[in-house]
Amino acid sequence: MTGTAAPFAADDYRVRMERAARSAVEAGLAGLLVAPGPDLVWLTGYAPTAVTERLTLLVLAPGQDPVLVVPTLEAPDAAKAAGASALTLRDWTDGKDPYAATAALLDADGRFGISDNAWAMHLLGLQKALPGTSYASLTDALPMLRAVKDTAELELLAAAGAAADATFEEVRKVAFGGRRESEVAADLAGLLRRFGHSQVDFTIVASGPNGANPHHEVGDRVIERGDMVVLDFGGLKDGYGSDTSRTVHVGEPTDEERQVHDLVRAAQEAGFRAVRPGVPCQEVDRAARAVIADAGYGEYFIHRTGHGIGVTTHEPPYMIEGEEQPLVPGMCFSVEPGVYLPGRFGVRIEDIVTVTEDGGRRLNDTTREMVIVD
């Protein structure tokens, strides 16, 4: 993971690690093993400049202090991390066995949660050192580990959302017609950086028939007058994510295009209105999907209604049928229904929403009405 770390202190990371260790116990685990990636950044503030074959692993287990196993040559950088004073560094030198060093910290017969992005060679090395251990991915074992944000995290997510909004307000002023999708995508990336993003994760510009592909890869298609254009963009600002979608039209739209856009806007509003504490995640999906299905476009809404966001732009919880996890104040996720008509056009409208004590609050405030561009 890259990007500027959020301004948290050692005590913030200590609280997170303690909470994670308690959650592991509640999930029936002997502890957590956290490899470089978003979980490690969130728990410790440490993001290695390069992730290599050398083992780096945070060990969280009940009844013992957090330990970060780290290569000796990277220990000085790890010691500078914001959360370093809340843990113990245990370094290992080239030529030594890092798995033996890690095994000494683990219950030889325990079941551990391990980062989804841990390297297979590292997991296999641990299994060889401790044949009696077993492992579960953190997404399966503790899917809500990072889901509920504290006040400082919510402020950072709101700031990232405001930066994405400022980007949209500026990009709607640029010329669309006669330019390539890739040129408008470059405008979006530049604006995100201008408004404070250190990392741009995606800039989807899907014009005309390309809009029917929700994850269209930006290409050299020239945007034409009469095109509907789906814009979906985001990244990281001060370590926290933005993600918003708006659909604009080059010149005046047809009655059908307005109708579909209005339908998606109504579905997005219904999904947002469904947000309140205690409601299962799937109810947000159901609310948005029902509006589109009732209008006869159900088969053209081909993805989930939303995904969580935090130190990554996609993370649990997911607003999808079958997800019964109740919404909790502090959760943040997208609400982004869409309609995609193959070979013709697509429409998607997306806001990041946070759960409040009595409902939901949007972190994106740009207009959801049809925007006409040149």
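Biologist: How exposed is D238, and what is its relative accessible area?

Modeller: In this predicted model, local features need pLDDT of at least 70, side-chain atom pairs count only at pLDDT 80 or more, and totals for chains, interfaces and linings use all residues. Residues are numbered from 1 along each chain as its sequence is written, and side-chain values use heavy atoms, with hydrogens and water left out. Buried means under 20% relative accessible area, exposed over 50%, and partly exposed in between (1.4 Å probe, protein chains only). D238 is partly exposed, because its relative accessible area is 30%.

Biologist: Where does D238 sit, and what is its phi?

Modeller: Helices (H or I, at least four residues) and strands (E, at least two) are DSSP runs, numbered from the N terminus. D238 is in the loop between strand 8 (228-237) and strand 9 (240-241). Most residues other than glycine have a negative phi. For D238, which is not glycine, phi is positive, near 50 degrees.

Biologist: Which residue does a cis peptide bond join to P316?

Modeller: Most peptide bonds are trans. Here the bond is cis, with omega about 5 degrees.

Biologist: Why do the buried residues of helix 5 line one face, and what arc do they fall within?

Modeller: Helix 5 has H122, G125 and L126 buried. The arc is that of the directions from the helix axis to the C-beta atoms. On the other side of helix 5, A120, L124 and K128 are exposed. Seen down the axis of helix 5, the buried residues line one face because they fall within an arc of 95 degrees.

Biologist: Where is W119, and how exposed is it?

Modeller: W119 lies in the loop between strand 5 (111-114) and helix 5 (120-129). Its relative accessible area falls between the buried and exposed cut-offs, so W119 is partly exposed, at 34%.
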